Amino acid sequence: MKKNLLIFSLCLISQVVGAQNIHFLVPGGAGGGWDSTARGTGLVLREAGLIESASFENISGAGGGKAIGTLIEMAGHRTDTLMINSTPIIVRSVTHLFPFSFHDLTPISRIVGDFQVLLVRGDSPIRDFNDVLALFRQNPRNVKIAGGSVRGDLDHLSAALAFRAAGEDPRLLAYVPYDAGGKALAGFLTGEGDVLSTGLGEVLEYHRSGRLRIIAISSPERIAIAPSVPTYRELGIDFEFVNWRGFFAAPGIPDDVAEQYSAILEQMLETPEWEALRSRNGWQNLFLDRHEFVLFLEQQEQEVSSLLIELGFLRAGQE
Amino acid sequence: MWDGIATGISTVLIPTNLLLVACGCIAGTFIGMLPGLGPISAIALMIPITYGFDPASGMILMAGVYYGAIFGGSTSSILVNAPGVAGTVATSFDGYPMAQQGKAGKALAIAAVASFAGGTIAAVMLMLAAPALARVSLSFQSPDYLMLMILGLTAVSAFASRGNIVQALIATIIGLMLSTVGTDPSAGIQRFTFGSLDLVDGISFLLLAMATFALSEALMSVLKGELQPGSKARTSNDQIGSLRIEKSEAREMVPVVARSSVLGFFVGVLPGAGATVASFLAYGMERALAPIQEKLRFGKGSVRGLTAPETANNAACTGSFVPLLTLGIPGSGTTAVMLGALISYGVQPGPQLYQNNPEVFWSVIISMYIGNVILLILNLPLIPYIARLLALPRQLLIPLILFFSLIGVYLVSFNTFDIYMMTAFAIAAIFLRLFGYPMAPLILGFILGGMMEDNLQRTMTLYDGSLSFLWERPVSLGITVLLVLVVLTPVVRTIRDSRRQG
């Protein structure tokens with residue numbers, strides 16, 4: 001009730017301040033995950049009457065770095081632009097691939113996310129994550145982990161974090177990189193690798209058909225669309241991970257404007273239009289408002305950088 | 001299956017859907033003709049338009065755009081040596097020399113007929129065997145792909161047989177080296193990026209192809225003094241636009257089309273290979289099978305050399321629908337975009353698509369036939385006009401080529417750094433060409449190099465650094481034997497010939 005009241009009052013503010021148009025900046029090409037989320041958000045906002053119009057711009061290059069640079073250049077003169085980004089912004093700034101990080105932007109809110117899973121083929125003798133750990137302890141080369149990103153990026157990191165949380169040395173992980181989630185899935189289906197590390201959304205259909213079997217998910221508790229899959233926590237391993245998507249505005253935009261964007265996005269998640277889009281794409285609503293979002297980002301940055309130091313990607317103190 | 005085909009036919013023959021195929025093909029052809037805009041950009045442009053369509057109609061439109069863009073893509077390769085997509089690089093090997101000899105119309109006609117035949121034969125195979133082919137998609141592992149790419153690299157020999165073997169090999173190695181710029185996949189570190197964000201994703205194919213092919217070609221003709229008002233056009237207008245394919249040439253094309261479409265289709269079915277590898281393999285295969293005299297014409301305007309890659313790349317594009325529709329796995333960037341579109345229509349791609357949404361599955365297949373026919377009907381009458389582009393005065397044509405190549409690259413990245421890099425590569429390419437280094441092996445090495453390295457690194461991790469895959473995996477073993485035959489046969493023949501003479 002209190003929340004509704006808050007939203008109501010923010011609605012009034014938005015009437016006064018007026019979010020007429022939002023310009024969405026997509027750091028990658030058309031048709032990708034960032035693109036579909038940003039365009040979906042813009043369309044739903046407009047259909048629901050929360051804004052008057054939405055425009056979109058794709059700036060690809062440097063793994064998203066070009067778009068971040070563009071947004072930073074907007075500081076001080078444009079407040080109508082929201083950039084979508086996701087977990088890689090953390091990884092790539094921690095590894096100094098980007099000369100900037102989320103600290104240089106104004107985080108608005110986290111909206112959706114996907115959990116990372118580990119899975120095996122349907123006929124695999126591996127039953128659960130403990131079996132994987134047992135094999136790994138015999139000889140780390142017994143467990144080849146396939147994933148759809150380069151070493152040191154999402155699929156590798158999430159698997160390495162899980163192994164570290166289970167008390168193993170993440171440096172010994174035999175990781176087999178593919179250049180996209182789909183390629184990794186294809187390779188895994190041919191029989192390459194023993195365990196696949198990827199996002200839940202990419203493999204849910206395969207899990208349902210029984211061809212592949214998810215053995216662990218990085219969510220805090222079991223989730224409704226895959227109720228049979230145990231979390232790491234249930235196995236006694238202190239590990240959670242969200243591959244999130246969220247929005248950022250240019251650095252230094254006024255607090256009330258940022259607050260207003262965050263409120264509009266929160267309202268959007270309640271609309272039936274959004275629900276239709278979300279369920280079609282298999283996204284999980286994982287909203288965090290802008291204050292919670294900053295805390296979350298700081299925590300993820302901590303985890304990722306400590307792991308990367310351990311993996312030898314970064315020297316301690318280089319951070 | 002017959003039920004499915006009937007469903008497909010009845011879905012596609014709805015007037016709106018027929019219109020969508022036609023519009024898709026036309027839009028695709030024109031987008032594909034522009035250097036720099038390939039099937040991925042063409043399809044991505046269509047996505048916002050198809051919101052709200054039913055899934056079958058949306059897929060029909062996009063499939064139409066896809067074949068259209070591939071059809072159109074060969075045009076810029078043949079006319080101005082500007083392959084905008086990796087799949088049409090091999091088309092330029094013989095298509096461009098043919099156009100230079102004043103036979104642009106013929107080259108375009110051969111490409112159109114070969115594309116039509118490749119696309120149609122592949123569509124028949126797809127229809128008859130798609131569900132069974134899912135197994136073929138999953139039969140190749142990283143070591144097999146590695147050997148397949150190495151086999152594809154032997155197409156270099158077409159450019160090495162003119163007395164400049166060393167130059168061709170050096171050019172190949174430069175290409176392989178350029179492919180290592182960017183993020184190393186298995187170590188995750190940056191290589192040769194000099195701390196620059198612009199090089200983190202590596203050098204883009206489009207940039208390198210435009211710089212080494214289109215830009216350097218245009219600048220070379222400036223150097224050769226073709227811009228002088230006194231230099232006359234080599235051939236008359238009528239000949240440039242003529243579509244006439246001689247009977248003997250048609251007879252030559254038939255077996256090439258048959259072989260290349262089967263090869264192309266199966267390579268396309270493999271999610272880790274695709275149209276580019278298919279076109280190189282078909283080119284290499286036809287050269288290896290050709291009689292000695294014909295062999296020498298490869299790279300200089302051979303009918304076979306043009307037919308093979310054009311047929312194979314179209315067949316492979318059709319083949320790439322197998323993993324998409326039967327497994328929900330995208331085999332290429334283009335099918336990945338289509339997969340995203342399918343999801344946004346609310347269709348769950350994956351092994352169940354065939355059962356759950358038969359109308360999507362079958363109508364895409366049926367629309368391929370119609371699309372191919374429409375493309376042929378649409379393109380043949382246009383060829384004389386398109387070919388006449390070459391009849392433009394050089395003073396006009398060359399600046400146009402320079403302009404479109406640069407704009408094409410810039411529009412993809414919106415990054416001025418790319419323009420500088422492109423100019424630098426074009427200048428380097430001119431020097432290399434002046435010293436007799438062919439550019440085709442360089443681009444071949446560049447394209448295959450990245451894929452070879454990915455597969456090699458995976459193989460090494462999977463086999464713990466051992467080479468045992470060479471004899472443990474039957475597919476790898478088979479390709480290796482083929483590779484040895486392809487490399488050694490000419491050597492043995494040369495030795496035998498020289499003994500006989502000596």
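## A tour of chain A

What you have open is a predicted model, where local features need pLDDT of at least 70, side-chain atom pairs count only at pLDDT 80 or more, and totals for chains, interfaces and linings use all residues. Residues are numbered from 1 along each chain as its sequence is written, while chains are lettered from A and ligands numbered from 1 in the order in which they are written.

Start by colouring the domains. Domain 1 of chain A takes in 2-113 + 242-311, and domain 2 covers 116-235; these bounds come from an automatic or database domain assignment.

Next, select where they touch. Twelve residues of domain 1 of chain A are in contact with 13 residues of domain 2 of chain A (in contact: C-beta atoms, placed from the backbone, within 7 Å). On the domain 1 side, α4 (88-94) and α11 (290-311) of chain A are the elements giving two or more residues. Of these, α11(A) gives the most, with six residues. Helices here are DSSP runs of H or I, at least four residues, numbered from the N terminus.

Now hop over to A:A184, in helix α7 (residues 181-189) of chain A. Is A:A184 buried or exposed? A:A184 is buried, because 26 C-beta neighbours lie inside 10 Å (20 or more others within 10 Å make a residue buried, 12 or fewer exposed, with C-beta atoms placed from the backbone).

Finally, show the partners of A:A184 beyond four places in sequence: A:A146, A:G147, A:G148, A:Y178, A:L196 and A:T198 are in contact with A:A184.

Definitions and conventions:
Two residues are in contact if their C-beta atoms, placed from the backbone, lie within 7 Å.
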